[in-house]
Amino acid sequence: MIFLAFFSFTFSFAQQSTVSGKVTDNTGRALVGVSVVVSGLEKGTQTDNDGKYSLTLNKGSYTITFSYVGFTSNAIDVKLADGDKKILDVALTASSQVLESLILTTGTRSLPRSSTNSPLPIDALSAADLKSTAQTTFDKQLQYRVPSFNTINTPVNDATTLLDPYEIRNLGPSRTLILINGKRKNLSSLLYVQFSPGRGETGADLSSIPIDAIKRVEILRDGASAQYGSDAIAGVMNVILKDKFQYSTFTVNSGITSKGDGGNYGLAYNSGANIGAKGFINYTIDFSENNSARRSGIIDRPTEKATFGGTTASDAAIDAYLNVFPNGNNINGSGEIQSAKFNYNMAVPVGDNGQFYSNAAIVFKKVYSHANFRTPYWRTDAGLLHQRIPGAPNYTGGNNPLYEGYIGYVPTFDGDLLDYNATFGFNNIRNGWKHDVSITFGGNRQLYTVEHTVNRTLGAASPTFFKPGGFEFTNIIGNYDISKSLADNFSIAFGSEVRSETYNLIAGDTASYSGEGANSFPGIRQENSGTNSRYNLGAYLDASWDVTKDFLLNGTVRGEKYSDFGEAFVWKLSSRYKIHEDKAIIRASVSTGFRAPTLHQIFDQSTQASFVQGTIQLSGLFNNRSKQAFLLQVPQLKPEKSTNFTFGFGLTPNKKFSATFDYYNISIRDRIVYSSSISTSDPNSALGQILQAAGVVQANFFINGIKTRTQGIDYVLGYHNILLGKGKLGINLAGNVTLKNEIVGAPNNPKPIKDAGADILSAQIRSLLTESRPKHKTVLGFDYGIKKFDLSLNNTVFGPTKFQDLDNGGSIMNNIKQVFKTAVVTDLNFGYAFSSKISASIAVNNLFNILPKWKLELTGNSSEPDYASAKATLNSPADKSLLEGFLEFSGRYRILGYNGSQFSQLGTIFQGSIVFKF
């Protein structure tokens, strides 16, 4: 009897039934992470990396719902008898509408990165796509995956170590809107003022987003001000966070350059839990550290003597110093960075159709970098800084024992960053109407410390430790969005946004800005500090109409009202037409847009004092509400206005191949620029008198100064699931070609500046705006998987860039440019799964150690006044070498020049990681 009872029990247990299968899109491509939920039960699962799933159920009747963002959900009734093993394969259909979250067909390596069924050009990158680059920050991952996205490491660090400027389509960081789960992310508090791409702008801190928290990212390569408001002129990037919990991961990664420096180390833990059948919490903790990498060049003596010498004694002192320290003790390359990041994403079901959701992140970052080394023949501050080598040669000459053994000093920079954002929201469906209400908080604060330097104005009383102050930006955003499908082929959406922004300039300690200020990084003066705020209200209406099963029309209008400058009204119309059984589409859009000036551009003011003919005079950035700007007749800032046009087509002739091609044309009127330094050698001119009355020798400011036009072509081709031996190969080719990036017409020079023959746009700034990003960029990638092995080989072609440097008005540099050559950077990533719980990868980024290379190029024509002297300079080996030395600060920045290049100067980097799943 006991045996029979045991047999009965085991037999009953064996009679449980299973439902399993594969979920694909309508082209047969597997979908990863599809939610598979049994209605009425707190039971569900998600599809794996092959799109497969499995459920174990008792006998009975069930409704199983398959849902995936960007696709129409599919609910299927299933009846199971004892012991059934039902195979249920499901194909989901992509939604005909572009969702608020911009998510389309993404989530698997085999899917095309740009949707061929969308009325708009969208790149869709999965977490696996991003990680295959083996880059350690989100912005650098995008650099090697998205051709229209560019970022740069500048060789001059200090505060810029906290934020590398980035952009889409050569339009600066402030014209790309960044969203987290469809909600606006806060801007950085740093206003970028270095002479490199992104000058005069700010953007969200992409490097603060932990990589392991990202599920996918969508990049809309089209203007979207009508949908989202300000900043969306070049496009929108939406970072989708991980949601449903499948397993925990613990990731360890480390890397080092081929020169043995620049080591990086990281630990990341991602975990969570599911709440019922539809709820979840997913969180990530990330710690990382990057050591500095030094790429200082050997100093070019003729250039150094031309800069700091000129007499027999001074030239001899330079030779004596460089005989011992050939690189001038300079430390440049990349700074040290330590960061700690925490992020969560959650949703809790409320009733049958409601959901409370939230996501938040907080990031702490600390950076450390060096300014240019102050050699004793440059800065003779030996009485203030006693960095000496006992018994060393008297490099500075003279008989003063104070200088005995003095080798100079290097100012150091410490930056502390806090970046945070949090969203809390609720959505539900009532009578077919979807309601979504949310509030978002965000902020970025940066505080600075400068050491090992002096304030020369204070003399012997100068400290060597300074607190120069910092910046803080915060915002609070409320959104209410409503949508409904009124018919099978017609839907509407409308909503509103309320946003409050605050920008705070934090004053430094008195010693950091008194007189000349702390050498290398003067502090923020007390009179320039302060807190400024504004708010705006926005509302939109969107309608989508499937005129036929092939023809789609979508239109959006939006109105905004700002407390500081008034109103804006924009619109957008997009369309898509399917051809030949959905195997080809034609799409186009036309829209207007705007970008409000940031509070940084309106209120930032950073002036410093310098000694001029025995007196202290001010120079620097003056905001548009200052006395100096008023006297120069610089008007207050107003919004930029844009017109966007795109036209493209997509092809999907079979399940394995897809291609998209899109042309874009973006015109921006009243574009805000950070002016060149305005000065004059004639104190009796109107400009000279204004500058004297304002107490300054030169001034910079922001102004709605120019109109620009940018045209180009984006293309994305993919060929996937190619059988090669026992594995499968995928090929991706994506590229961006800039056809035109130009300033249209003359700049808007205020009258006193124009009358003096000065210009808000120097040749250097014109070059930065129009030529400093790659003319073209292409990413060719190969992904091969076989059993437990996978291999990624990516080749990124960076096209030529140009810098017109050494801004000296009518100098020969008006006809000479620094041209960076086209280069191909190859990355190899090899991965192996030891088991279902442990996997590892080894990558070599920049496999062939390609470094930026540049040359000097003659521009213009013989009728221009400086052409002949420019040509003669390039034809003279000595003069040409001297000019090259000036461009690289006497060789200190030999690889990049002083303003950066189109890719990193660090060369080959070896990177490894191991992932534990549990």
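Me: Why is Phe 250 called partly exposed in this predicted model?
Reply: Its relative accessible area is 30%. Buried would need under 20%, and exposed would need over 50%. The value of 30% lies in between, so Phe 250 is partly exposed. You can find Phe 250 in strand β17, which covers residues 249–257.

Me: What makes the group with Phe 250 and Leu 267 a nonpolar patch?
Reply: Side chains such as Leu, Ile and Phe count as nonpolar, and they are joined into a patch within 5 Å. The members here are Phe 250, Leu 267, Ile 285, Phe 287, Phe 342, Ile 362, Phe 364 and Phe 918. Together they have about 690 Å² of accessible area on the surface.

Me: Which strands each supply at least two residues of that patch?
Reply: They are β19 (279–290) and β23 (354–370).

Me: How do you know that β19 and β22 are paired?
Reply: Two strands pair if there are at least two bridges between them. β19 and β22 (residues 336–350) have eleven, so they count as paired, and the sense is antiparallel. In this pairing, Ile 285 stands opposite Phe 342 in β22.

Me: What joins β22 to β23?
Reply: 15 bridges do, and these strands run antiparallel.

Me: Why are β3 and β7 called edge strands?
Reply: Start with the order of the open sheet, which is β3-β2-β5-β7, with antiparallel pairing. β3 (43–46) and β7 (74–80) each have a single partner strand, so one side of each is left without a neighbour in the sheet. From one strand to the next, the twist averages 20°.

Me: What is the partner of Val 36 in β3?
Reply: The bridge partner is Thr 45. Four bridges join β2 (residues 35–38) to β3.

Me: How do you know that the buried residues of α10 line one face?
Reply: In α10 (residues 686–694), the buried residues are Leu 687, Gly 688, Ile 690, Leu 691 and Ala 694. Seen down the helix axis, they fall within an arc of 160°, so they line one face of α10.

Me: Which exposed residues are on the face turned away from the buried side of α10?
Reply: Gln 692 and Ala 693 are there. Being exposed means a relative accessible area of over 50%.

Key: Residues numbered from 1 in each chain as written. Predicted model: local features only at pLDDT ≥ 70, side-chain atom pairs only at ≥ 80, totals over all residues. Heavy atoms only, no water. Patch = residues over 30% accessible without salt bridge, like charges linked within 9 Å, V, L, I, M, F, W, Y side chains within 5 Å. Areas by Shrake-Rupley, 256 points an atom, 1.4 Å probe, with all protein chains shown as cover. Salt bridge = Lys/Arg side-chain N within 4 Å of Asp/Glu carboxyl O. Buried < 20%, exposed > 50% of the residue type's maximum accessible area, 1.4 Å probe, protein only. Axes fitted to C-alpha atoms, helices over the stretch in contact; angles between N-to-C directions. Arc of directions from axis to C-beta.
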